[in-house]
Amino acid sequence: MSAGGSTKAVVAALGANMGIAVSKFVAYAFTGSASMLAEGVHSVADSGNQVLLLIGGKQARKKADDEHPFGYGRERFVYAFIVSVVLFSLGGLFALYEGWHKVTHPEKVESWYWAVGVLLFAVVMEGMSFRTAIRESNHLREGRSWAGFIRHATTPELPVVLLEDFGALIGLCFALFGVGMAVVTDNGRWDGIGTLGIGALLVCIAVILAVEMKSLLVGEGAGKHDVAAIRTAAVDGETVTDVIHLRTMYLGPEELLVAMKIAVDHDETAEHIAQAIDAAELRIREAVPEARLIYLEPDIRRPGPLPSPTTG
């Protein structure tokens, strides 16, 4: 999948969050609800996060140079990791602080109908953004569970938007619960409890995103399915008889590095081996289009155990 689907999901989320943020702050001005303030800050943080993702996508398109010979594809991973930090600090920690303050210093929620109206509007807008993210993610999910997709996706924007939108919808439910209970019981502490729930939710989502983006930044390899496809495509049964060992690493969401030592017949000429390597590269790219950089080293299969992944 190209970056176009990811960009579409990010732009949809950005438009929804900007409108929602304004409406939440207006509702906070009328109600004084801590839940509304926390939700407003949450939407501002989400809007900033979408801007960061768009910047990361633009930076990743820069051409490779002498300083970065493998290109700038990992810029998208870097900016997605920054998003998790912003979500944790600006969104989660602020909501936890505001919730604690309202629990220890409760205040009556005024003009509650403003809060309820804005929250219901936000549910509709976030739902539309979430639907777009789901639709674009289904092109990549390939039957995997949603948890498996978020765990193994190499396109960082889609897991970020999915988790943000999902968290926003759950957070809106917490806010509705807090405001509703504060009005029904005439006890402002419920508003603070709802805000604490929002903060805890955002912190959990931020931690999940940070862990997944860290894995991509460190250097994540291809999945088992792609590794098997690469191994199968490399061997032609004639000149290339086996794969001695294989290493893969994502240099960007749609750019996979493949380094492989292949076994060739000891009687083959250098010209035939070079032709076989070129043909193997073509087969690998057909099997796994993300395999952009391929380095094949010919060798003779020797008796004995296969080299370990660390020794090659």
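Reply: Happy to. One term to begin with: axes here are lines fitted to C-alpha atoms, for helices over the stretch in contact, and angles run from 0 to 180 degrees between N-to-C directions. Also keep in mind that this is a predicted model.

Me: Got it. At what angle do the axes of α8 and α9 cross?

Reply: Roughly 150°, and the axes come within 8 Å. Helix α8 covers residues 224–234 and helix α9 covers residues 270–287.

Me: And are they roughly parallel or roughly antiparallel to each other?

Reply: Angles over 145 degrees count as roughly antiparallel, and α8 and α9 are therefore roughly antiparallel to each other. Their crossing is right-handed.

Me: Which residues make the contact?

Reply: From α8 there are A229, I230, A233 and A234, while α9 brings A280, R283, I284 and A287. By class, that contact has 7 nonpolar residues, 1 charged and no polar ones.

Me: Switching topic: which residues touch the most other members in the largest nonpolar core?

Reply: L53 and F149, in a core of 45 residues. Elements giving two or more residues to this core include α1 (3–31), α2 (34–60) and α5 (146–152). Its largest share comes from α6, with 10 residues.

Me: What does F149 touch, leaving out residues up to four places away in sequence?

Reply: F149 touches S137, L140, R141, R144, L158 and L162.

Note on methods:
Residues are numbered from 1 along each chain as its sequence is written. This is a predicted model: local features need pLDDT of at least 70, side-chain atom pairs count only at pLDDT 80 or more; totals for chains, interfaces and linings use all residues. Side-chain values use heavy atoms; hydrogens and water are left out. A nonpolar core is a set of buried Ala, Val, Leu, Ile, Met, Phe, Trp, Tyr and Cys residues joined through side-chain atoms within 4.5 Å. Buried means under 20% relative accessible area, exposed over 50%, partly exposed in between (1.4 Å probe, protein chains only). Helices (H or I, at least four residues) and strands (E, at least two) are DSSP runs, numbered from the N terminus. Contact means heavy atoms within 4.5 Å. Angles under 35 degrees count as roughly parallel, over 145 as roughly antiparallel, 65 to 115 as roughly perpendicular and the rest as oblique. A crossing is left-handed if the near helix is turned anticlockwise from the far one by less than a right angle, and right-handed if clockwise. Ala, Val, Leu, Ile, Met, Phe, Trp, Tyr, Cys and Pro count as nonpolar, Asp, Glu, Lys and Arg as charged, and the others, Gly among them, as polar.
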